Amino acid sequence: MSTEDEGPRPEMARLVECARKLAILLAFEQVSDSGLEHALNEILYGPREFWLAATDGLVTRRETAQVIVARMETWLVNHVGDGTMPKQPPDWDPIVLDVESLLIGLVDP
């Protein structure tokens, strides 16, 4: 899949900062920024082409942010942790709001 002509793209460095906050909440501080960036690229531009669905207006900015954070949590648990989801999920809301603020180029359907 080519990402050249897909319109606006989120600033990856800032998305990595949000992913880092989630990693800290989940006690996975040891994950590298390059690992986080790899995961975000997979979430956004991988086989599911989620970013394309977002830019096509198939989901809202809030839904896009929620999916990014939820899939990032799953990636962290499976690739950095032992595959066990936390018994008490962390409060994602501040991170979702941060991610949503980075999705300025998206227009809600």
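This is a predicted model: local features need pLDDT of at least 70, side-chain atom pairs count only at pLDDT 80 or more; totals for chains, interfaces and linings use all residues.
Local features here need pLDDT of at least 70 and side-chain atom pairs count only at pLDDT 80 or more, while totals for chains, interfaces and linings use all residues. Residues are numbered from 1 along each chain as its sequence is written, and side-chain values use heavy atoms, with hydrogens and water left out.

**View 1. Arg20 pairs up with Asp33.** Searching the whole structure turns up 3 salt bridges (a side-chain nitrogen of Lys or Arg within 4 Å of a carboxyl oxygen of Asp or Glu). In this one, N to O comes to 2.7 Å. Arg20 sits in helix α1 (residues 12-25) and Asp33 in helix α2 (residues 33-45), 13 residues apart; helices are DSSP runs of H or I, at least four residues, numbered from the N terminus. Asp33 is partly exposed at 44% relative accessible area (buried is under 20%, exposed over 50%, partly exposed in between, with a 1.4 Å probe and protein chains only).

**View 2. Lys21 meets Asp98.** Here the N to O distance is 2.6 Å. The pair links distant parts of the chain, with Lys21 in helix α1 and Asp98 in helix α5 (residues 93-101), 77 residues apart. Lys21 is partly exposed at 41%, and Asp98 is partly exposed too, at 27%.

**View 3. Arg62 joins Glu100.** This salt bridge spans 2.6 Å, N to O. Arg62 belongs to helix α4 (residues 61-79) and Glu100 to helix α5, so the pair ties together parts 38 residues apart in sequence. Arg62 is partly exposed, with 37% relative accessibility, whereas Glu100 is buried at 15%.

Notes: Helices (H or I, at least four residues) and strands (E, at least two) are DSSP runs, numbered from the N terminus.
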